[in-house]
Amino acid sequence: MRTAFIYSGDFLKYRFNEEHPFDPLRLHLTYDLLMQSGLLRDEELVSPRSASTAELEAVHAQGYIDAVIRASRGENHEDFAQYDLGTEDIPIFKDMHPAAALAVGGTLTAAELVMEGRARHAVNIAGGLHHAQKSKASGFCIYNDAAVAIAYLRDKYDARVLYLDIDAHHGDGVQNIFYDDPNVLVISIHESGHYLFPGTGDIYEQGSDEGYGYTINLPMEPYTQDGSFVSLFEAVVVPHVHAFSPDIIISQNGCDGHHLDPLTHLSLTTKGYLQIFHLIHDLAEQLCEGKLVALGGGGYNTWQVVPRVWALLWGQLVGEKLDGPLPEGWIKKWQDISGSVLPRFYCDDPDLVPQIPRRKEIEEKNQIVANRIMRQSVLLL
Amino acid sequence: MPVLVEDIMTRQVISVNPFNTVMETLKVAKENRIRHIPIVEESTLKGVVSDRDLRSVSPSVLVEEDMNLLEKTLVKEIMITNVITIHPLDTVEEAARLLYIHKIGCLPVVTGGDQMMGIITDGDVLASYVEMMGILEQGSVIQLDIPDRPGTLAKVLEIITEHGVNIISIFMPPKGKDNKANSREIIIRLQTIDPSKIIADIKELGFLVIWPELWGGAK
């Protein structure tokens with residue numbers, strides 16, 4: 001099998017409440033789009049396994065996991081507050097532990113398939129929960145699937161892992177967990193934390209002790225567009241990945257940097273995402289015999305953005321160019337339920353790209369940031 | 001949050017005696033990489049020398065001069081004796097003001113007029129302000145422009161409360177002299193990844209959300 005798609009209807013049980021912006025329906029919409037388009041074949045579908053408590057403990061504190069399990073049963077305890085469980089971002093819901101452990105298991109399944117050579121690439125769009133911390137839920141994330149998978153890859157295969165995060169938010173959870181580890185290169189390109197959650201991800205966060213130089217952050221100005229985003233990715237990310245030469249790549253493909261996303265201020269389009277997916281795919285082929293685990297992540301425009309961008313990700317990995325219309329059946333099926341105008345094509349209309357008044361200054365500032373990163377880089381020396 | 005000088009001052013002060021030579025003092029400054037040395041005799045502050053004072057009495061490397069001069073001159077002959085000092089219970093803000101107004105780099109911290117308790121430098125003050133403004137918890141920032149009337153801030157906080165979101169920090173600078181608009185700026189760090197509903201409700205009150213929304217035009 002060339003590429004595996006990890007999926008289960010049970011992924012949709014990771015659902016905080018009806019009003020919550022993190023809506024698992026986006027996973028089903030993506031799956032349905034891929035099925036209706038014929039891009040996803042039955043033999044490419046793989047069911048996720050669940051992550052065991054022992055596997056979660058590789059990165060999460062026992063006390064925290066225990067609190068999630070108690071919350072999951074519907075209990076209420078005073079200590080939940082210290083784990084940030086039961087907040088506006090992370091409301092407690094029934095059976096939240098199995099739901100979160102399944103998202104992690106999906107990423108573990110993907111990593112196993114790729115490492116055992118049973119798939120060249122594997123995709124888990126329910127993963128990419130990059131904000132979860134060692135002892136704390138954060139930013140819609142309960143368990144950090146990427147971090148658990150990285151710990152698993154380190155432990156079982158002694159692999160050098162590249163974690164590459166293109167979500168509009170800084171991948172702080174993964175960064176913190178591997179901050180002193182020189183065998184895990186953590187790269188995050190995101191909207192600057194000056195205003196956006198979580199606030200970290202500055203270029204000066206470079207790792208500590210043995211891991212110094214193995215954390216790289218590219219904070220982009222709000223309203224950064226495709227051109228600047230992609231060219232800085234090429235100028236900064238690509239050479240660092242070559243210098244590190246990983247055994248496997250785990251990419252977090254949050255698509256909340258799209259200009260239609262309600263939570264962030266980046267101004268990307270499908271054109272930029274396609275170019276980035278292409279670059280990530282190339283890196284995997286050039287440096288690690290294709291070994292790539294591609295995860296989901298943020299993406300809060302459930303109807304107009306997420307299914308299309310993640311379909312483009314899948315298209316890139318299976319070698320299908322998606323520049324035509326979306327399947328009629330998909331539009332018909334979801335149009336009324338969506339309550340919003342569904343797009344008709346996989347790719348954004350280039351004429352509808354937003355005009356950003358301060359574009360030149362934004363690009364100049366991004367370039368300065370890139371120059372600073374290259375000057376301070378430890379890995380390239 | 002460090003409020004008082006004693007919260008951030010250095011207690012183990014590197015100092016010299018008035019009868020140390022300039023050469024010895026230079027050596028102490030170099031070895032410890034410090035720019036200011038208090039001159040202390042039995043815990044009583046006698047004066048201060050800065051690296052600039054020391055440099056100005058050092059012979060130029062370009063001409064051959066008698067280095068013995070540095071060995072013979074006592075530091076008490078070149079030290080500044082009318083030292084500006086600060087008390088441990090003074091505020092960090094007061095320290096910042098003195099450093100800024102007098103264009104100096106350090107303040108010996110004394111009690112009883114001359115008893116050395118510690119030292120505070122421009123770097124210490126800057127570091128404490130960086131920490132104060134810094135990111136200690138994950139959150140989103142909103143910057144608002146609200147009418148300068150009693151109760152408006154309370155209205156904003158009420159909205160945040162209604163959404164059940166915790167506030168990490170609030171920064172509200174004093175109204176600037178040039179601000180004739182009769183409005184105030186507030187910067188609030190909220191413990192949430194999604195401030196969009198709060199922003200929408202604040203806008204509904206007619207208050208201005210400045211950044212980053214205004215950069216890219218309306219969303």
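**Helix packing and nonpolar cores**

Helix 5 of chain A is followed by A:Asp158, whose phi is positive, near 50°. The model is predicted. Helix 5 covers residues 145-157 and has 13 residues. From first to last C-alpha, helix 5 reaches 17 Å, close to the 18 Å expected at 1.5 Å a residue. Its buried residues are A:Asp145, A:Ala146, A:Ala147, A:Val148, A:Ala149, A:Ile150, A:Ala151, A:Tyr152 and A:Leu153.

Helix 5 of chain A packs with helix 4 of chain A. The two axes come within 9 Å and cross at roughly 35°. The crossing is right-handed. Helix 4 meets helix 5 through A:Ala103, A:Val104, A:Thr107, A:Leu108, A:Ala111 and A:Met115. On helix 5, the residues met include A:Asp145, A:Val148, A:Tyr152 and A:Tyr157. By class, this contact has 11 nonpolar, 1 polar and 1 charged residues.

The largest nonpolar core has 131 residues. A:Val148, A:Ile150, A:Tyr163 and A:Val293 touch the most other members. Helix 4 (residues 96-115) of chain A gives the most to this core, with 12 residues.

Leaving aside neighbours within four places in sequence, A:Val293 is in contact with A:Thr107, A:Ala110, A:Ala111, A:Val114, A:Ala122, A:Ala149, A:Ile248 and A:Ile250.

Between the chains, 17 residues of chain B are in contact with 23 residues of chain A. The side of chain B that touches chain A divides into 7 nonpolar, 9 polar and 1 charged residues.

Methods. Residues are numbered from 1 along each chain as its sequence is written. Chains are lettered from A and ligands numbered from 1 in the order in which they are written. This is a predicted model: local features need pLDDT of at least 70, side-chain atom pairs count only at pLDDT 80 or more; totals for chains, interfaces and linings use all residues. Two residues are in contact if their C-beta atoms, placed from the backbone, lie within 7 Å. Ala, Val, Leu, Ile, Met, Phe, Trp, Tyr, Cys and Pro count as nonpolar, Asp, Glu, Lys and Arg as charged, and the others, Gly among them, as polar. A nonpolar core is a set of buried Ala, Val, Leu, Ile, Met, Phe, Trp, Tyr and Cys residues joined through C-beta atoms within 7 Å. A residue is buried if 20 or more other C-beta atoms lie within 10 Å of its own, exposed if 12 or fewer, and partly exposed in between; C-beta atoms are placed from the backbone. Helices (H or I, at least four residues) and strands (E, at least two) are DSSP runs, numbered from the N terminus. The expected span of a helix is 1.5 Å times one less than its number of residues. Axes are lines fitted to C-alpha atoms, for helices over the stretch in contact, and angles run from 0 to 180 degrees between N-to-C directions. A crossing is left-handed if the near helix is turned anticlockwise from the far one by less than a right angle, and right-handed if clockwise.
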